[in-house]
Amino acid sequence: MNMRTILVLPVLGALAACQLAPPPKPEEILPQALPNTVIPERFGAGEHDDGPVATGWPAAFSDPRLDALIEEAMQHNPDLLAAAARVEVASQYVEVAQSKLYPQMNLLARGGGQMGGDESGLKGVGLFADWELDLWGRVRAGRATNLAGYEATVADAEYARQSIAALVAKSYFLAVEAGVQQRLAEDMTSAADQLVMLAQERQRIGRGDGYDAALSRANAETFRDTVLQFALAREQALRAIAALVGRYPAATVDIAAELAKWPGPVPAGLPSELLERRPDVVAADRRVAAAFYRIKEAKAARLPTISLTASVNDVSSDLFELKERDNPVWSAGASLLLPVFNAGGLKSQVLIRTAEQRQAIADYGRIGARAFGEVENALAAELTAGRREQVLVRAADANQEALDLAQVRYRVGSGDLRGVQQQQVAVHGSRVALVRVQTERLVQRVNLYLALGGGFDAAAAAVASAE
């Protein structure tokens, strides 16, 4: 190589090693993504404190069965297995993009002879190297695009894990609720059967008639039908849990007999921290970064491409004499490719990538707004469920007291059977509503944990956005 080449190569290498400009940070994206949104200093709904969001939320319910089911789902849920495979694929795309930053080397060997119609007798071996100098950052932008895509896929997988854990917990509480409701219906059926016996006894001694006896039997059968409905609901909930943890959907999952105790208040953190913590928002941020680097790729594609080539080969022939050739032969060179005319195709690619970045920013805003809404809704729903529970406890107690009085009145003959049966229905309805709202309160707490994005275990709680 001459002196000019020796001087030019270090300059080209230095240009190829320049760092890419960083993608926009979340605080720079937010004004574009949510231009009409003013983020408050604290969440407005519900009753909560602003302390750091806790991790490991399943432990708050103090149910080892629930903990074991969530862990089983993490290992065997089909959706999570697919998410893990997507992460692996994305990581390999990063490796492929990374490899393009280095020289590519290939070995070519050829044997002589007349087999297959080859009469040249040529034989030899050659080593060929090619290296594209990434002067304008096109190759590095491609690597950064794939890296941001990988980070988005990792965040998506973490959000899927958190979502599956929450779904297992909610399905678990619904299954427990169905069992509690079934037992309440069985208790009411037993009480209705006792009322049937009382009505038949009153008919036998002449203090009642067949109408009361038939009415009491119809009431008892109605409660039996309710028992069957709740039994089916429980089986379906158990099958749903079995499917979530990767088992055959059989109604054989071991669950608690009673609903979990209320875990108490939960720190909700600050709204300003939510977008940096939730994995789905982190994934959207990484997709904005990927779109940013795709613009870099498209712009660099309009500029010249310079590649360095080198080779060494040893070629000979048994049939012909190769003139003026001393083996091995070394060679080195360079090539330049400059787009001259493509009818505006490369310019359109830049415009397409720019529009895709605007789309990614809008999607970031959509997911961020959804995150804020989910936290506020979960806080409000949880607060309302707690207040309703207090009201329904008083209502259930009052209805039970009224039923006791109605039964006494019926036994002494100062009241009719219809009043007792109506009060039985009222008692059962208030108890059903109470259990329903207690379950709903637990479900909303799980929704709140998921919306806050704190994670369900300490190991996988945090998914950080790469700078």
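Is Leu127 buried, partly exposed or exposed, and what is its relative accessibility? At 33% relative accessibility, Leu127 counts as partly exposed, where buried means under 20% relative accessible area, exposed over 50% and partly exposed in between, with a 1.4 Å probe and protein chains only. The model is predicted, so that local features need pLDDT of at least 70 and side-chain atom pairs count only at pLDDT 80 or more, whereas totals for chains, interfaces and linings use all residues. Residues are numbered from 1 along each chain as its sequence is written, and side-chain values use heavy atoms, with hydrogens and water left out.

View 1. Met105, Leu107, Val125 and Leu127 make a nonpolar surface patch of about 380 Å². Strand E1 (104-110) and strand E2 (122-133) are the elements that give two or more residues to the patch; Leu127 belongs to strand E2. Patch members have over 30% relative accessible area and no salt bridge, with nonpolar side chains (Val, Leu, Ile, Met, Phe, Trp, Tyr) joined within 5 Å and like charges within 9 Å. Strands (E, at least two residues) and helices (H or I, at least four) are DSSP runs, numbered from the N terminus.

**View 2. Crossing of helices H2 and H9.** The axes of helix H2 (residues 26-33) and helix H9 (residues 345-412) come within 9 Å and cross at roughly 90 degrees. H2 is therefore roughly perpendicular to H9, a term for angles of 65 to 115 degrees. Pro26, Ile29, Leu30, Gln32 and Ala33 of H2 make the contact with Ile361, Tyr364 and Gly365 of H9; contact means heavy atoms within 4.5 Å.

**View 3. Asn77 between two helices.** Asn77 is placed in the loop between helix H3 (64-76) and helix H4 (78-99). With 3% relative accessibility, Asn77 counts as buried. Apart from neighbours within four places in sequence, Asn77 is in contact with Glu72, Ile164, Ala243 and Leu244.

View 4. A salt bridge is a side-chain nitrogen of Lys or Arg within 4 Å of a carboxyl oxygen of Asp or Glu. In helix H6 (residues 210-244), Arg224 and Glu221 are three residues apart, about one helical turn, and the closest N and O atoms of their salt bridge are 2.9 Å apart. In helix H9, Arg366 and Asp363 are likewise three residues apart; their salt bridge has its closest N and O atoms 2.5 Å apart. Arg366 is partly exposed at 47% relative accessibility, as is Asp363 at 28%.

Terms used
Areas by Shrake-Rupley, 256 points an atom, 1.4 Å probe, with all protein chains shown as cover. Axes fitted to C-alpha atoms, helices over the stretch in contact; angles between N-to-C directions. Parallel < 35°, antiparallel > 145°, perpendicular 65-115°, else oblique.
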